[in-house]
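Hi everyone, thanks for coming. Let me put the structure up, and then we'll walk through it together.

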Amino acid sequence: SSGINAEYGVRLMPRDMYLHYKLLYFHIGTIMTEIGLMILTVLVANSVCIAKILITPDTPGRSRSVATQATFTVAILSAFFCVLNAFYLVTEVMYFFLGVPLSANNIVLYSGIYYAIPLIRAINPLIYLLRKKEMRKYL
């Protein structure tokens, strides 16, 4: 590499390039750690909810089927959350740490970096719409 930072048009000295990339890798590593912890939190929370439904007996005035349906909906949302975030993490590792070039021809890498996270937010209301009868009434 020529050592020229295209964003600023400045020639970086080897020590500056080292610090620049060290900060970049630290930032990417921090984002990956945060997403990994979110995935772990979602998995633990869902496991606790499912276990609670399985061990809680039916009581008068409380419908177990509503709790089961709500937990199943959250499990579906969580599965999409975990899969798409894992896809995002893999593509970030491929791009930043393994040096796989990002181009429109590499559709997997391109879609993982640019579309995985927004897709999580787009899928959320669709799942609620499909799973909740009350929401479908208003369409």
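Before I point at anything, a word on naming: helices (H or I, at least four residues) and strands (E, at least two) are DSSP runs, numbered from the N terminus. Please keep in mind that this is a predicted model, where local features need pLDDT of at least 70 and side-chain atom pairs count only at pLDDT 80 or more, while totals for chains, interfaces and linings use all residues. Residues are numbered from 1 along each chain as its sequence is written, and side-chain values use heavy atoms, with hydrogens and water left out.

Let's begin with Val 93, which sits in helix α2. Is Val 93 buried, exposed or partly exposed? We call a residue buried under 20% relative accessible area, exposed over 50%, and partly exposed in between (1.4 Å probe, protein chains only). Val 93 has 30% relative accessibility, so it counts as partly exposed.

Val 93 also belongs to a nonpolar surface patch of about 470 Å², together with Tyr 21, Tyr 25, Phe 97 and Leu 98. Two or more of the patch residues come from each of α1 (14-55) and α2 (64-97). Patches take residues with over 30% relative accessible area and no salt bridge, joining like charges within 9 Å and nonpolar side chains (Val, Leu, Ile, Met, Phe, Trp, Tyr) within 5 Å. A salt bridge here is a side-chain nitrogen of Lys or Arg within 4 Å of a carboxyl oxygen of Asp or Glu. The areas come from the Shrake-Rupley method with a 1.4 Å probe, and for residues only the protein chains shown count as cover.

Now to the inside. Which residues touch the most other members of the largest nonpolar core? They are Ile 35, Ile 39 and Phe 81, in a core of 14 residues. Such a core is a set of buried Ala, Val, Leu, Ile, Met, Phe, Trp, Tyr and Cys residues joined through side-chain atoms within 4.5 Å. At least two of its residues come from each of α1, α2 and α3, and α2 gives the largest share, 6 residues. Leaving out residues up to four places away in sequence, Ile 35 touches Asn 85, Tyr 88 and Leu 89, with contact meaning heavy atoms within 4.5 Å.

Last stop, the aromatic rings. Tyr 110, Tyr 114 and Tyr 115 form one aromatic cluster. Rings of Phe, Tyr and Trp (its six-membered ring) pair if their centres lie within 6.5 Å; planes under 30 degrees apart are stacked, over 60 edge-to-face, and the rest tilted.
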